[in-house]
Amino acid sequence: MVARWKGKTAEAQALAEPMSTLVSRLQSSLIESSSQGILSGSSVLLAAHEEQTELFNHACFGRLVITTEKNKQWFQLCLEEGFYLCTVMKCIKIVGQNSCVKNEEEL
């Protein structure tokens with residue numbers, strides 16, 4: 001069976017920049033910026049700069065939260081996405097209500 005693509009340029013884009021490359025770039029960027037997600041109910045809120053916003057969107061992580069801040073975007077990650085970035089990719093820390101970093105057991 002041949003792969004099906006959703007857009008006319010999707011195949012070329014996927015071949016030019018594979019998902020593994022996008023996720024690796026996102027991981028590096030989050031580590032470099034010492035990113036921390038805020039545990040909020042059943043989601044994790046994460047501030048992102050312009051490059052990270054583009055990478056989150058291309059890699060289909062989280063949902064953009066509309067705010068009035070000009071230099072920072074916020075992403076709402078589901079718990080699975082937040083825990084994946086924290087425990088598997090080791091590129092973010094998750095903090096709780098008291099601004100203390102949560103360890104894997106607490107999560």
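This is a predicted model: local features need pLDDT of at least 70, side-chain atom pairs count only at pLDDT 80 or more; totals for chains, interfaces and linings use all residues.
**View 1. The whole protein chain, for orientation.** Four helices and five strands make up the secondary structure of the protein chain; helices (H or I, at least four residues) and strands (E, at least two) are DSSP runs, numbered from the N terminus. The C-alpha trace spans about 50 × 35 × 25 Å along its principal axes. Of the 107 residues, 27% are buried; here buried means under 20% relative accessible area, exposed means over 50%, and partly exposed lies in between (1.4 Å probe, protein chains only). The chain exposes about 7500 Å², with carbon and sulfur atoms supplying 52% of it; these areas come from the Shrake-Rupley method with a 1.4 Å probe, and for residues only the protein chains shown count as cover. Among contacts with a separation of 6 or more, 51% are between residues 24 or more positions apart, where contact means heavy atoms within 4.5 Å.

View 2. Let us begin with the charges. The protein chain has 10 positive and 12 negative charges, and their mean positions are 6 Å apart. Lys and Arg count as positive and Asp and Glu as negative, while His and the chain ends are not counted; each charge is placed at NZ of Lys, CZ of Arg, CG of Asp or CD of Glu. Glu32, Glu50, Glu51 and Glu54 form the negative patch. Such patches are made of residues with over 30% relative accessible area and no salt bridge, with like charges joined within 9 Å; a salt bridge is a side-chain nitrogen of Lys or Arg within 4 Å of a carboxyl oxygen of Asp or Glu. Helix H3 (residues 50-59) gives the patch its largest share, three residues. Glu32 belongs to helix H2 (residues 19-32) and is exposed, with a relative accessible area of 73%.

**View 3. Gln52 in helix H3.** Is Gln52 buried or exposed? With a relative accessible area of 1%, Gln52 is buried, and its place is in helix H3. Leaving out residues up to four places away in sequence, Gln52 touches Leu26, Ser29, Leu30, Ser33, Ser35 and Ala47. Leu39 is 13 residues from Gln52 in sequence, and the two are 19 Å apart in space, C-alpha to C-alpha.

**View 4. Leu77 in strand S4.** Strand S4 (residues 73-78) holds Leu77, which is buried at a relative accessible area of 0%. Apart from neighbours within four places in sequence, Leu77 is in contact with Ser43, Val44, Leu46, Phe56, Phe61, Gly62, Gly82 and Leu85. One of these partners, Leu46, is 31 residues from Leu77 in sequence and 7.5 Å from it in space, C-alpha to C-alpha.

View 5. Glu81 is part of helix H4 (residues 79-88).

View 6. Met89 is buried, with a relative accessible area of 12%. Beyond residues up to four places away in sequence, Met89 touches Val23, Gln27 and Tyr84. Ser24 is 65 residues from Met89 along the chain, and their C-alpha atoms are separated by 9.2 Å. Lys90 is not a glycine, but has a positive phi of about 55°. Most residues other than glycine have a negative phi.

**View 7. Ser99 in the segment after strand S5.** Ser99 lies in the segment after S5 and counts as exposed, at 60% relative accessibility. Although Ser99 is not a glycine, its phi is positive, at about 65°.

Terms used
Residues are numbered from 1 along each chain as its sequence is written. Side-chain values use heavy atoms; hydrogens and water are left out. Patches are made of residues with over 30% relative accessible area and no salt bridge: like charges are joined within 9 Å, nonpolar side chains (Val, Leu, Ile, Met, Phe, Trp, Tyr) within 5 Å.
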